[in-house]
Amino acid sequence: MSTILHRYQEILTKIAQAPRPLNQNVQLLAVSKRHTSADIAALYQAGQRLFGENYAQELEQKAQELAHLAIQWSYIGHIQSNKIKKIVHFASEIQTLASLKHAQLIEREAAKIGKTPYPVYIAVNAEHEEGKNGVALEEVLALAEEIASHCHNLKVMGLMAIPPARYSDTLTEAPEIYTMLRQQADKVGQGLLSLGMTGDLNIAISAGSNLVRVGTAIFGTRT
Ligand SMILES: *Cc1c(COP(=O)(O)O)cnc(C)c1O
């Protein structure tokens, strides 16, 4: 088996074995930014359907190259207003929404091409980290309410967060901020939580994550 497929199986096993709240279903988002379409196709053949991309141009190129596969593309990169049309066209959801302005632009593009209701996650910058995208945890509900009242063509799936890197699976239990993210996600839209990457899979799943996003541990180091 190729290295990528081997690592993919290892991550699936790790997810399956991670302790979690009762009956919690956890999905894997394979983060494929700066990895090749050939690698993505290999993972697709092994059964993976959900892939994450961070750059509109790269998303477009891969979605076109792999148009013959039933891939579900998730956009997890920084949002620029002038790229929203492209992102909405090629991605089936956006996980990095952090403003009403972008919500309205996304909804407009989605409505134009009949892709409604369009799924979005609100991105949370849970510890107010400088230079990191997302709204503060205290602002999540206000933004969710604004979106709900102004953007009827969006479907808010829940919250997405990239917590500070110091939180990792060396901890024996989930930090309070993970628990707070879980509680806040329960109050937003469909109540889903996209939380956890390679280094914090276990604590994210134990806190109640529904979706973990893994790149390097499957595809290897990005070029
Ligand atoms: C790149 C990225 C990941 C995956 O990171 P790796 O370190 O490659 O596992 C997960 N989530 C987001 C939002 C990312 O941008």
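Arg34 is partly exposed, with a relative accessible area of 41%. The structure shown is a predicted model.

**Loop residues with positive phi**

- Arg34 belongs to the loop that runs between strand S1 and helix H2, the latter spanning residues 37-45.
- Although Arg34 is a residue other than glycine, its phi has a positive value, near 60 degrees.
- Asn23 is likewise not a glycine, and its phi is positive at about 65 degrees.
- The loop that holds Asn23 lies between helix H1 (3-17) and strand S1 (27-31).
- Asn23 is exposed, and its relative accessible area is 73%.

**The loop between H5 and S5**

- Gly114 is found in the loop between helix H5 and strand S5, where S5 covers 118-124.
- With a relative accessible area of 57%, Gly114 counts as exposed, because exposed residues are those over 50%.
- Along the chain, Gly114 and Asn153 are 39 residues apart, and their C-alpha atoms are separated by 9.7 Å.
- Pro117 also has its place in the loop between H5 and S5.
- The peptide bond that joins Thr116 and Pro117 is cis, with omega at about -5 degrees.

**Helices H1 and H2**

- The axes of H1 and H2 come within 10 Å of each other and cross at roughly 50 degrees.
- This angle makes H1 oblique to H2.
- H1 and H2 form a right-handed crossing.
- On the H1 side the contact is made by Ile4, Leu5 and Tyr8, which meet Asp39, Ala42 and Leu43 of H2.
- By class, the residues in the contact of H1 with H2 are five nonpolar, no polar and one charged.

**Helices H5 and H6**

- Helix H5 comprises residues 100-112 and helix H6 residues 140-150; their axes come within 10 Å and cross at roughly 30 degrees.
- H5 is therefore roughly parallel to H6, since angles under 35 degrees count as roughly parallel.
- The crossing in which H5 passes H6 is right-handed.
- H5 contributes Leu100, Ala103, Gln104 and Glu107, and these residues meet Leu143, Glu146, Ile147 and His150 in H6.
- The contact of H5 with H6 contains four nonpolar, two polar and two charged residues.

**Nonpolar cores**

- The largest nonpolar core has 67 residues, and those that touch the most other members are Ile94, Ile106, Tyr118, Ile122, Ile147, Tyr178 and Ile218.
- Helix H8, residues 201-207, supplies the largest share of this core, namely five residues.
- Ile147, one of the core residues that touch the most other members, is also among the residues of H6 that meet H5.
- When neighbours within four places in sequence are left aside, the residues in contact with Ile94 include Tyr75, Ile79, Ile87, Val88 and Ile106.
- Tyr118, Pro119, Val120 and Tyr121 are also among the contacts of Ile94.

Conventions
Residues numbered from 1 in each chain as written. Predicted model: local features only at pLDDT ≥ 70, side-chain atom pairs only at ≥ 80, totals over all residues. Heavy atoms only, no water. Axes fitted to C-alpha atoms, helices over the stretch in contact; angles between N-to-C directions. Helix = DSSP H or I, 4+ residues; strand = E, 2+ residues; numbered from the N terminus. Parallel < 35°, antiparallel > 145°, perpendicular 65-115°, else oblique. Left-handed = near helix turned anticlockwise from the far one by under 90°. Contact = heavy atoms within 4.5 Å. Nonpolar A, V, L, I, M, F, W, Y, C, P; charged D, E, K, R; others polar. Buried < 20%, exposed > 50% of the residue type's maximum accessible area, 1.4 Å probe, protein only. Core = buried A, V, L, I, M, F, W, Y, C linked by side-chain atoms within 4.5 Å.
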